[in-house]
Amino acid sequence: MEETFAIKTEGLVKFYGKTQALFGVDLEVEQGEIMGFLGPNGAGKTTTIRCLLDLIRPQEGNVSMFGLDPFKDPVDVRKMVGYLPGELSLETNMKPKAQLKYYAELRGNSIDWNYVRELAKKIHLDLNTPIKTLSKGNKQKIGVVQALMHKPKLLIMDEPTSGLDPLIQQEVYKLLKEARENGATVFFSSHIIGEVEALADRVAIIRGGRIIEEANPSQLKLMTMRQMRIRFKESVDLQALDNIEGVELLHKMNGVEATLQIKGDLDKLIKKLAEFPVSDIEIMRPSLEEIFLKYYKEDQEEAI
Amino acid sequence: MFTEFKHTLRKMKGSLLGWSIGLGLYGLLMAWFYPYMFDSGMDFAEIYGSFPPEMMAFFPSIENIASPVGYLDTYFLSYIPMIIGIFAAGACANMISKDEEAGILDLLLSYPVSRTKMFWGRFMGFIAGLVIVLLVSYLSWVIAPPFSDLGFTLMEFFNMFVPLFALLVLVGGFALLLSMLLPSKRMASSLTSALLIANFLLVGLSNINENLQPLYDVTPFAFFQGAGAIDGINWNWFAGLLGVGLGFTLLSWFLFQRRDIRVSGEGSFRLPDWLRLKRK
């Protein structure tokens, strides 16, 4: 059977000594999609990514990449993957060109150097400046190029635009979209909500070593709390609205205007509202940033 | 594997150059110095005989210093193995752990190269580096004979380096193993070097305190032939030193296979995480 998932994890559990970092991470990334991986610091993003590449090994659970187990077939898996680590380190006594040639040799010299030059040009990377003299952003560009240069089937990038200026960030977004258009799957972690909104087809949110949400950005907005402001033609008894499951009356004004907070679907509320003389309805959806901050806040509250 | 082999040699080129030049010049100097030393009319046996026995104990061949074998033993094979051993310890402790601590290994292991190939490619790079250093040292001694009077054949000089090679593989293998077990490469190379120096001191101390002899008898230097190899290599000792060295290396490979690669920086003392594995 054709494998539909580029990445599939089941019940990943990872301890660092006595500290548990992952509590059973289940994740599915379909082939050809761009998935954003959001989470606060220490949530388990990097640990999950490093388990995928067999850099660290989970104590429990399974990882499958295009149907292969990275523990049993690490070389076959890595042939298909382009990886950009969150903390990129390079050999400082080399030039970018020599560094990339070394990486190309590790891939069996199957790299198209015209494509490498093209990538370098797009993100303004000088291949002949010694790495030790490069800024963090320029080093990050080397990381981006090495991840993309063999046109991988799967790109795994841990905060890909870290240290890059906004113009180059846009170029990287373009490159990732181009890769997807050419059939690649992209799995990237980020703190930048705008980046996830701009790029991702789907988002997974990890908190405290658990995936707490997995949806596309618009679904995610729907699934969370939103506010509704209703105006009525005449004064009505608003208590009836407050009794609906998932609905909370936040504010009312003379029985002619109400602000509600809603969680879940709107079906019962709409049916109830049909009994009232409604003149206007306004739904306020939270931004992805607000959703993410809400999860952050819950995380911090749990920590306290 | 060949890529890692080449890369290891490329990374070692500075230290290889330094060690080769240093040992090469030392070999040339000592080989050339030999005839002049004994033509000067000084009675070295008498001079050395006046030294305290505690010092003489570290150079057991000093009484025969006027003989070529005694000269080589005293000026080359007594303490030079310890010094080249520090090179071997440093090179092997750095082999994997340096890149891991620098955060480079994280990215390298995302490439389609197995840990086995990476490990053995790098180890073979170290062996090649070691051979280069020893070869330069060997050449420095064999170039000199026309002017000096040591009188050994090329093969006899070569024999002198064979046990040294085995000893250095053992030292390197041990440092590599420690780098897999201890939190940092710095600790692995320091501890290996300290043990190497301790072993050298034990060689001398066991000559003046017979209670230390049983301890000395189980150390690597007890199986190191020194200049005695010129007359014929003790292949059992050679195989023993090399075998233990390769045993340490195999154990290091086993540990590397199961190792959780750190993002960067030094580690800490704790039981390896792979011992907790339930899945595999």
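Trainee: Why does A:Phe276 count as buried?
Mentor: The relative accessibility of A:Phe276 is 16%. Buried means under 20% relative accessible area, exposed over 50% and partly exposed in between, with a 1.4 Å probe and protein chains only. A:Phe276 therefore counts as buried. Before we go on, some ground rules: this is a predicted model, where local features need pLDDT of at least 70, side-chain atom pairs count only at pLDDT 80 or more, and totals for chains, interfaces and linings use all residues. Residues are numbered from 1 along each chain as its sequence is written, chains are lettered from A and ligands numbered from 1 in the order in which they are written, and side-chain values use heavy atoms, leaving out hydrogens and water.

Trainee: Where is A:Phe276 found, and which residues is A:Phe276 in contact with, leaving aside its neighbours within four places in sequence?
Mentor: The loop between helix 10 (267–273) and strand 13 (278–284) of chain A holds A:Phe276. Helices (H or I, at least four residues) and strands (E, at least two) are DSSP runs, numbered from the N terminus. With those sequence neighbours set aside, A:Phe276 is in contact (heavy atoms within 4.5 Å) with A:Phe232, A:Val236, A:Asp237, A:Ala240 and A:Leu241. A:Asp237 is 39 residues away along the chain, and its C-alpha atom is 9.3 Å from that of A:Phe276.

Trainee: What makes B:Thr219 buried?
Mentor: B:Thr219 has a relative accessible area of 13%, so it is buried. B:Thr219 sits in the loop between helix 10 (213–216) and helix 11 (235–257) of chain B. Apart from neighbours within four places in sequence, B:Thr219 is in contact with B:Asn199 and B:Leu202.

Trainee: How many bridges join strand 1 to strand 2 of chain A?
Mentor: There are 9 bridges between strand 1 (residues 5–16) and strand 2 (residues 19–30) of chain A, and the two run antiparallel. Two strands pair if DSSP finds at least two bridges between them, so this is a pair. Here A:Thr9 stands opposite A:Leu27. The two strands form a hairpin with 2 residues between them, and A:Gly17 in the turn has a positive phi of about 65°. Strand 1 of chain A also runs antiparallel to strand 4 (residues 60–65), joined by 5 bridges, with A:Lys8 and A:Ser64 as bridge partners.

Trainee: What makes strand 5 and strand 9 of chain A edge strands?
Mentor: They belong to an open sheet of 6 strands in chain A, in the order 5-6-7-3-8-9, with mixed pairing. Strand 5 (81–84) and strand 9 (210–215) each pair on one side only. Strand 9 is joined to strand 8 (residues 202–207) of chain A by 5 bridges, running antiparallel, and A:Arg207 stands opposite A:Arg210.

Trainee: At what angle do helix 5 and helix 8 of chain B pack?
Mentor: Helix 5 (residues 80–102) and helix 8 (residues 154–181) of chain B pack at about 40°, with axes 8 Å apart. Axes are lines fitted to C-alpha atoms, for helices over the stretch in contact, and angles run from 0 to 180 degrees between N-to-C directions.
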